[in-house]
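Subject: Structure handover

Hi,

Here is the structure I promised to pass on. Please load it first, then read my notes below.

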Amino acid sequence: STVIILTPLAHRSLDPVAEAMVKDGKFEITGKADEPIAVMLSVKDHYGYKTIMLDNVDMSITGTVTSDELEGGKCRYDFSGITLSGSPLTEEYYAMMAPRHRIDSIFLDNQSRGAEMWNLLNRASGEKDRRIMDSIQATEEFRAYGEVEKYCFQAFDSVIHATVEQNRNTIWGPIALLSQLSYLSPEFREVYESFSDSIKNSFHGQLVAQELYPVGRPGDRMPEFTATTI
């Protein structure tokens, strides 16, 4: 009775483009895509997803999905154990995302190795124990942690700009922005304006435009207007 949904990849909540109920461990979704779009495969009303490219091809998803139950009856599903075949665009998507995923792995590994150190540092900070704070910050472990984190943030930025630069005139340009960033700030307007008209008008190109040029963003210049007084 689990319901599987396909939701467009975006920085805001969008309605699913398709859904299906799981019966005997299987589900099937049939339809037609007007253009290739990136979608999140997930379980309705729960957390966790797998990004795939939705296109007019026959694709097959197999494997095992595990879950952890959270408070409030919600679950977090782990889709890392599934394999998708028959979708060349999905393979291209993950090839494009591979550099970012490698950096993510380094970043998460660094956080894991430094977790105990940061717990001690945060406790000392809460107790305003300057002596312990200074002793932790003077360690080689603290210095190394900071170096790796600095490298990751610089690498994130480099990978994002390189990926978009290489894909200004392909569907991957706007998809890369939506996949690799949590939100789009006005600084990315120049990048968007460099896209071809066809890419700007694509499904994900329009999502990027709506985020970069929302109506009434605080700090933006008020558009020219006229009005008649009483």
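At roughly what angle do the axes of H1 and H5 cross? The answer is roughly 50 degrees, and the two axes come within 11 Å. That makes H1 oblique to H5. Keep in mind throughout that this is a predicted model.

**H1 against H5**

The crossing of these two helices is right-handed. On the H1 side, the contact uses Leu89, Glu92, Tyr93, Met96, Met97 and Arg100. They meet Trp172, Ile175, Ala176, Ser179 and Gln180 of H5. Sorted by class, the contact of H1 with H5 has seven nonpolar, two polar and two charged residues.

**H1 against H4**

H1 covers residues 88-113, and H4 covers residues 140-166. Their axes come within 10 Å and cross at roughly 165 degrees. An angle over 145 degrees counts as roughly antiparallel, so that is how H1 and H4 run relative to each other. Here the crossing is left-handed.

The residue lists for this contact are as follows:

- From H1: Met96, Pro99, Arg100, Ile103, Asp104, Ile106, Phe107, Asn110, Gln111 and Arg113.
- From H4: Glu141, Tyr145, Val148, Glu149, Tyr151, Cys152, Phe153, Ala155, Phe156, Val159, Ile160 and Thr163.

By class, the contact of H1 with H4 has 14 nonpolar, three polar and five charged residues. Met96 of H1 is listed in the contact with H4 and again in the contact with H5. The lists also share Arg100, which meets H4 and H5.

**H5 against H8**

H5 spans residues 172-180, and H8 spans residues 203-212. Their axes come within 8 Å, crossing at roughly 55 degrees. That makes H5 oblique to H8. This crossing is left-handed. H5 contributes Pro174, Ile175, Leu177 and Leu178. H8 contributes His204, Gly205, Leu207, Val208 and Glu211. The contact of H5 with H8 divides by class into six nonpolar, two polar and one charged residues. Ile175 of H5 meets H8, and Ile175 is also listed in the contact with H1.

**Arg189**

Arg189 sits in helix H6, residues 189-193. What does its side chain reach? The side chain of Arg189 reaches the backbone oxygen of Leu212, at 2.9 Å. In sequence, Arg189 and Leu212 are 23 residues apart. Their C-alpha atoms are 6.3 Å apart in space.

**The strands**

In what order do the strands of the four-stranded open sheet come? The order is S2-S1-S3-S4, and the pairing is antiparallel. Strands S2 (18-21) and S4 (49-54) stand at the edges. Each has a single partner strand, so one side of each is left without a neighbour in the sheet. From one strand to the next, the twist averages 25 degrees.

Inside this sheet, S3 (residues 37-43) and S4 run antiparallel and are joined by six bridges. Leu41 stands opposite Lys50 in S4.

There is also a hairpin, made of S6 and S7. S6 (residues 66-69) and S7 (residues 75-78) pair in the antiparallel sense over four bridges. Ser67 stands opposite Tyr77 in S7. Five residues lie between the strands of this hairpin. Within the hairpin, Gly72 takes a positive phi near 80 degrees.

**Where to look**

H1 is oblique to H5 and roughly antiparallel to H4. After that, go to Arg189 and the backbone oxygen of Leu212.

Best wishes

Definitions and conventions: Residues are numbered from 1 along each chain as its sequence is written. This is a predicted model: local features need pLDDT of at least 70, side-chain atom pairs count only at pLDDT 80 or more; totals for chains, interfaces and linings use all residues. Side-chain values use heavy atoms; hydrogens and water are left out. Two strands pair if DSSP finds at least two bridges between them. Axes are lines fitted to C-alpha atoms, for helices over the stretch in contact, and angles run from 0 to 180 degrees between N-to-C directions. Angles under 35 degrees count as roughly parallel, over 145 as roughly antiparallel, 65 to 115 as roughly perpendicular and the rest as oblique. A crossing is left-handed if the near helix is turned anticlockwise from the far one by less than a right angle, and right-handed if clockwise. Contact means heavy atoms within 4.5 Å. Ala, Val, Leu, Ile, Met, Phe, Trp, Tyr, Cys and Pro count as nonpolar, Asp, Glu, Lys and Arg as charged, and the others, Gly among them, as polar. A polar contact is a pair of N or O atoms within 3.5 Å; within protein, one must be able to donate a hydrogen and the other to accept it, and residues adjacent in sequence count only if both atoms are side-chain atoms.
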